[in-house]
Structure formats: structure tokens, C-alpha cells
Amino acid sequence: MRRTLLFFALLLFVTVSGARAQDKSDPPLITVTGQAEVKVAPDEVVFTLEVEKTDKDLAIAKNQNDESVRGVLGLARRFKVAAQDVKTDYISVEMKYTTDLVPDTDGESSAVRKVKREFVGYAVSKTIIIRFTDLGRFEDFFSEVLRAGVSRINSVEFRTSQLRKHRDEARALAIRAAKEKATALTKEIGQSIGKAYSIREEGYRSSAASNNFSTVTGGTFSADDDSTIAPGMITVTAQVTVSFILN
């Protein structure tokens with residue numbers, strides 16, 4: 001009997017507690033979204049370069065590739081690029097073939113063709129990534145890279161080394177924008193905002209000045225009016241959603 005009474009007492013306590021929790025509702029809120037962007041000039045550029053050499057003799061292809069890579073690395077040292085800002089990122093060896101359609105002399109019709117594959121050689125490829133911070137010498141360095149035996153320039157990306165700082169700045173501006181928006185909205189109905197009830201960061205976005213040197217427009221690159229490179233500005237955008245208690 002005591003166990004039964006204890007069970008019902010416990011059940012009653014849980015039921016009352018749950019009802020009280022349901023009765024407790026959120027205070028009146030106003031929820032707004034604030035967004036802000038910060039534009040900054042790039043202070044570094046990252047080159048992604050590829051060196052590829054092909055020869056039917058694998059050893060020769062590798063030696064030719066090594067020689068060109070050493071030339072690029074030596075160029076980086078000559079322009080005083082720090083060792084930690086240069087790395088070989090990807091190495092591959094691939095057998096290359098050409099394919100042609102030729103008449104099948106064994107066939108009954110000359111219209112019948114077969115695929116002829118011919119071994120071209122071993123393609124040895126290495127990717128080199130260089131972070132270059134002396135933007136005043138960008139064009140000189142870029143011209144030397146083109147003469148250093150590089151096969152492909154996969155990307156040239158202008159960036160900022162102070163991205164964290166600019167993200168924080170954009171976030172602070174976004175929160176300020178949200179507060180100003182909430183204040184203006186409540187003023188129109190004769191009310192005001194209280195403390196923030198919740199803050200949610202929607203994320204940030206950073207758009208690089210360019211991923212391809214040939215498509216960069218706008219901005220200022222250097223004091224040299226003859227410069228053909230204009231990396232433009234990097235835009236860092238932040239967005240937050242804030243709920244304020246409505247007074």
C-alpha cells in the first residue's frame with residue numbers, strides 16, 4: 001500500500017512539474033538579422049604551379065622534372081620567399097598514350113577502323129605552392145616563374161594574412177547592425193528593446209580578390225602606373241541573428 005501511495009505521489013509531482021514547465025513561456029521578443037562586410041586590400045598571393053615532364057625513359061622524365069622544380073625553388077629563394085612558404089604538394093607519375101583511328105587492313109571494308117594506341121612516355125608531375133608576400137615585386141616574380149619551366153599555373157590567389165582580424169571586425173559590425181535595426185523597428189511602435197535573449201552567428205564569407213590573375217579588375221596594385229595587375233579588394237562578410245527582449 002505504501003509503495004502504491006509513493007508511486008502516485010511521485011507521478012503527481014512529475015505531472016505538476018511538467019505543467020509548470022509548459023506554463024513558463026518565452027518573453028516577448030523581436031528577432032532581427034544583421035549583416036556587414038569589410039573590404040581589405042590583399043597582402044599576399046598564393047601561386048599553385050605545376051611542373052610536368054614527359055619522356056619514354058622514366059629516369060630521364062624524373063631528372064628533367066627535378067631540374068625544373070629546383071629552378072622554381074631557387075627562384076623563390078632569390079626573391080627571399082621564406083622556406084615555410086614553399087612546398088611541393090602533389091607528385092604523380094602517369095603513362096601517356098596517343099590514340100588514333102586507322103583503317104583495319106584485315107577487315108572486309110575500308111570503312112572499318114580500329115584504335116591505334118602509341119606510348120608517348122612517362123609524365124612526371126609535381127605541384128608547387130608558393131606564398132608570396134612582396135606584392136610590389138609580383139610582376140617580376142611572375143615573369144620569372146613563366147621562364148622557369150613551369151608547365152601550368154593552376155591558380156594565383158590574392159589573400160589577406162589578417163583574415164581572423166577582419167572576420168571579428170565584420171561580426172562586430174553585424175551585431176551593431178542588428179541592434180540598430182531592432183531599435184529602429186521598436187521605436188516605430190512606441191516600444192524599446194531590452195537585453196539580448198539569444199545570438200546566433202549565421203556564418204561568414206570571404207571572397208578572394210581573384211583566383212586567376214588574368215581576370216582581376218579594379219583596385220590598386222602599386223605606385224607604378226605601368227603595372228598590368230590590379231588585385232582589387234577582398235570582401236569579408238558576416239551575418240548574425242539576434243533576439244532582443246521586447247519592452
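Which residues does Ile130 touch, not counting residues up to four places away in sequence? Select Ile130 and look around: Val45, Val46, Phe47, Leu49, Val72, Ala76, Val81, Asp85, Val86 and Phe141 are in contact (heavy atoms within 4.5 Å).

A word on what you are viewing. This is a predicted model, where local features need pLDDT of at least 70, side-chain atom pairs count only at pLDDT 80 or more, and totals for chains, interfaces and linings use all residues. Residues are numbered from 1 along each chain as its sequence is written, and side-chain values use heavy atoms, with hydrogens and water left out.

Next, colour the chain by pLDDT, the predictor's confidence in each residue, from 0 to 100. The mean is 81, and 75% of the residues reach 70 or more. Now select residues 5-23: pLDDT stays under 50 there, and the model has zero contacts beyond four places in sequence for them. Residues 210-225 also stay under 50, but for these the model has 31 such contacts.

Show the buried ones (under 20% relative accessible area, 1.4 Å probe, protein chains only): His166, Ala170, Ala174, Ala178, Ala182 and Thr186. An α-helix has 3.6 residues a turn, so residues three or four places apart point the same way.

Terms used
Buried < 20%, exposed > 50% of the residue type's maximum accessible area, 1.4 Å probe, protein only. Helix = DSSP H or I, 4+ residues; strand = E, 2+ residues; numbered from the N terminus.
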